[in-house]
Amino acid sequence: MPQKRLLLSSPLLEIMTSRLCQQLIENHQDFENSVVMGLQPRGIYFAERIVAELRVKTGKAILLGHLDATFYRDDFRRRDSPLLPNKTNVPFLIEGKRVILIDDVLASGRMVRAALDAMTAFGRPKMIELLVLIDRRYNRELPIEPDYVGMKVSTLESQRVQVEWKEQGFEADHIWMVD
């Protein structure tokens, strides 16, 4: 039976979210030329929280999209069972915009690479930044590093990080290390 160790929950999660929002405000100021894209499936929940807090702190209407990169993954056809796509909802063009891509966990970097490819359908951004809640430092397979990090975690290849959001029906927000 797998063992779970709690990495993060409330109120530390709220403090971390607030810190990340402050860093975004420092770098994007009025968000006039910036948009946020949450990466499906669980990155959208974190992106929605970040945008909600940014809207309160700045009073600005910050654009938020949900991006699914399932069909852009390099392992799409290598699986025994088919991958099920999630909904992409990007009701704006990203041409010339500063895009903040948000995901819950960064591990190998392959999903972020797929997201970069998927974004091309919505235009050519001026720049792309990556914000992640958890950075699994020692599992990178591609040279992708986040610009904003909630928490860095050292993991073995056999371990995984499990994120449970209230929005998914869990009783509370929890981030676990699972052996």
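User: Before anything else, how are helices and strands assigned here?

Analyst: Helices and strands are DSSP runs: a helix (H or I) needs at least four residues and a strand (E) at least two, with numbering from the N terminus. The model is a predicted one.

User: How many helices and strands does the protein have, then?

Analyst: The protein has 3 helices and 8 strands. Along the sequence they follow the pattern β-α-β-α-β-β-α-β-β-β-β. The radius of gyration is 16 Å, close to the 16 Å given by the globule rule for 179 residues, so the protein is as compact as a globular protein of that length.

User: And what does the C-alpha trace span along its principal axes?

Analyst: The spans are about 50 × 40 × 30 Å. Of the 179 residues, 48% count as buried.

User: Let us turn to helix 2. Which residues does it cover?

Analyst: Helix 2 covers residues 43–58, which is 16 residues. From first C-alpha to last it reaches 22 Å, close to the 22 Å expected at 1.5 Å a residue.

User: Which of its residues are buried?

Analyst: Gly43, Ile44, Tyr45, Phe46, Ala47, Arg49, Ile50, Val51 and Leu54 are buried in helix 2. Their cover includes helix 1 (12–28), strand 2 (34–39), strand 3 (63–67), strand 4 (98–106) and strand 5 (127–136).

User: What phi does Gly59 take, just after the helix?

Analyst: Gly59 takes a positive phi of about 75°.

User: Changing topic: how many positive and negative side chains are there?

Analyst: There are 25 positive and 25 negative side chains, and the centres of these two sets lie 1 Å apart. The accessible surface comes to about 9,700 Å², of which 50% belongs to carbon and sulfur atoms.

Technical notes
Residues are numbered from 1 along each chain as its sequence is written. This is a predicted model: local features need pLDDT of at least 70, side-chain atom pairs count only at pLDDT 80 or more; totals for chains, interfaces and linings use all residues. Side-chain values use heavy atoms; hydrogens and water are left out. The expected span of a helix is 1.5 Å times one less than its number of residues. Buried means under 20% relative accessible area, exposed over 50%, partly exposed in between (1.4 Å probe, protein chains only). Contact means heavy atoms within 4.5 Å. The radius of gyration is taken over C-alpha atoms; the globule rule is 2.2 Å times the number of residues to the power 0.38. Accessible areas come from the Shrake-Rupley method with a 1.4 Å probe; for residues, only the protein chains shown count as cover. Lys and Arg count as positive and Asp and Glu as negative; His and the chain ends are not counted. The place of a charge is taken as NZ of Lys, CZ of Arg, CG of Asp or CD of Glu.
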